[in-house]
Amino acid sequence: MQAAKTVSNRRARDQRGQHSRTADERGSAVQPCDLSGIRRRRQWSPDARALGVIGDRWMLLIVRELAFGPKRLSELQRAFPGLSTGALEQRLNRMAAEELITRERFAEVPPRVEFDLTDAGRDLLAILAPVVRWALRWAWTPPSPDEWVDVTALFRLAGCVVDAPDGVDGEVELIVEDELEVALDLYTLALNAGEAAVSHRPARHADAVIKATPGGWARAFGPDQTSAGLRISGDPQLARVFLTSFQAPSAELQ
């Protein structure tokens with residue numbers, strides 16, 4: 001009887017072993033590609049590669065600033081007062097290493113260095129539009145205490161964000177003024193053949209003009225989308241094309 005029990009136990013162990021081998025064989029149909037045993041921090045995929053290059057929040061902002069042409073370090077510093085010089089230089093060095101920008105040195109006294117976008121860097125501008133639209137829908141609030149406000153940064157975004165309607169051509173002059181209505185800065189949005197372009201210059205022929213103080217512009221761009229602080233003249237349709245481009249999908253200009 002003991003012998004019969006031993007044979008039964010052995011048979012059960014054999015069956016369990018056979019089941020385990022069968023499971024192992026099924027699992028071995030999909031093997032990991034990397035069998036080296038090395039723990040790797042990065043994944044080989046296009047999105048991981050892209051985010052490895054531009055995942056830093058300052059990268060696309062630097063691209064936005066350089067979209068208007070070459071700039072010196074001092075000009076970029078003025079655009080990003082919250083970023084230290086060392087941190088800015090670190091990012092510029094990385095962007096140069098990734099071949100997103102070029103660095104040109106001029107034989108002048110004092111020395112002059114200018115940074116400009118490469119073709120690869122300029123292609124990143126196309127990423128800004130969906131990022132901005134996502135932020136307007138899900139992450140847009142009035143300025144928080146730790147944010148500096150430069151409404152002209154939104155002017156510079158217009159070339160990426162504005163959807164120029166077919167058949168609507170013209171120039172919109174965007175003016176920041178002080179409380180005495182003295183112009184402090186201005187940009188021009190040109191709509192032509194379904195394309196939108198922004199330049200840091202007066203309009204050759206302004207079909208519409210929008211003026212406001214920095215506070216008035218901030219309220220117009222903010223989630224409340226109020227136009228109370230804006231002074232609009234000329235073609236109202238052209239002005240509205242610009243202003244509605246910064247609205248969340250469900251927002252309406254007050």
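Buried residues account for 35% of the 254 residues in the protein. The model is a predicted one, and the protein in it has ten helices and eight strands. Among contacts between residues at least 6 apart in sequence, 59% join residues at least 24 apart.

Two helix contacts may be taken in turn. Two packed helices are described by the angle between their axes and the distance between the axes. Helix H3, residues 57-66, packs with helix H5, residues 85-97, at an angle of about 80 degrees, and the axes are 11 Å apart. H3 is therefore roughly perpendicular to H5, because angles of 65 to 115 degrees are placed in that class. On the H3 side the contact is made by Trp58, Met59, Ile62 and Val63, and on the H5 side by Leu88, Arg91, Leu92, Arg94 and Met95.

Leu125, Leu128, Ala129, Val132 and Arg133 of H7 meet Leu157, Cys160 and Val161 of H8. The residues of the contact of H7 with H8 divide into seven nonpolar, no polar and one charged.

Helix H8 also holds alanine 153. With a relative accessible area of 10%, alanine 153 is buried, because the cut-off for a buried residue is under 20%. Along the chain, alanine 153 and alanine 79 are 74 residues apart, and their C-alpha atoms are separated by 8.5 Å.

A pair of aromatic rings is described by the distance of the centres and the angle of the planes. Counting rings whose centres lie within 6.5 Å, the total comes to twelve aromatic pairs. One of these aromatic pairs is formed by phenylalanine 221 and phenylalanine 242, at 5.9 Å centre to centre and with 75 degrees between the planes, an edge-to-face arrangement. This pair links distant parts of the chain: phenylalanine 221 belongs to helix H9, residues 214-221, and phenylalanine 242 to helix H10, residues 236-244, the two being 21 residues apart. Both phenylalanine 221 and phenylalanine 242 are buried.

Phenylalanine 242 forms an aromatic pair with phenylalanine 246 as well, again edge-to-face, with 5.5 Å centre to centre and 65 degrees between the planes. Phenylalanine 242 counts as buried because its relative accessibility is 0%, and phenylalanine 246 counts as buried at 2%. Phe221, Phe242 and Phe246 are among the members of one aromatic cluster, which also includes Phe68, Phe155, Tyr187 and Trp217. Elsewhere, a charged group meets an aromatic ring: the charged end of arginine 112 sits over the ring of phenylalanine 106, 3.7 Å from the ring centre.

Threonine 213 lies in the loop between strand S7, residues 208-212, and H9. Because its relative accessibility is 17%, threonine 213 counts as buried. Apart from neighbours within four places in sequence, threonine 213 is in contact with Glu177, Asp178 and Glu179.

Most residues other than glycine have a negative phi. Glutamate 99, a residue other than glycine, has a positive phi near 60 degrees, and glutamine 225, likewise not a glycine, has a positive phi of about 50 degrees. Glutamate 99 is in the loop between H5 and strand S2, residues 101-106, whereas glutamine 225 is in the loop between H9 and strand S8, residues 231-234. Are these residues buried or exposed? Glutamate 99 counts as exposed because its relative accessibility is 58%, while glutamine 225, with a relative accessible area of 1%, is buried.

Note on methods: Residues are numbered from 1 along each chain as its sequence is written. This is a predicted model: local features need pLDDT of at least 70, side-chain atom pairs count only at pLDDT 80 or more; totals for chains, interfaces and linings use all residues. Side-chain values use heavy atoms; hydrogens and water are left out. Rings of Phe, Tyr and Trp (its six-membered ring) pair if their centres lie within 6.5 Å; planes under 30 degrees apart count as stacked, over 60 as edge-to-face and the rest as tilted. Helices (H or I, at least four residues) and strands (E, at least two) are DSSP runs, numbered from the N terminus. Buried means under 20% relative accessible area, exposed over 50%, partly exposed in between (1.4 Å probe, protein chains only). A charge sits over a ring if NZ of Lys or CZ of Arg is within 6 Å of the ring centre and within 35 degrees of the ring normal. Contact means heavy atoms within 4.5 Å. Axes are lines fitted to C-alpha atoms, for helices over the stretch in contact, and angles run from 0 to 180 degrees between N-to-C directions. Angles under 35 degrees count as roughly parallel, over 145 as roughly antiparallel, 65 to 115 as roughly perpendicular and the rest as oblique. Ala, Val, Leu, Ile, Met, Phe, Trp, Tyr, Cys and Pro count as nonpolar, Asp, Glu, Lys and Arg as charged, and the others, Gly among them, as polar.
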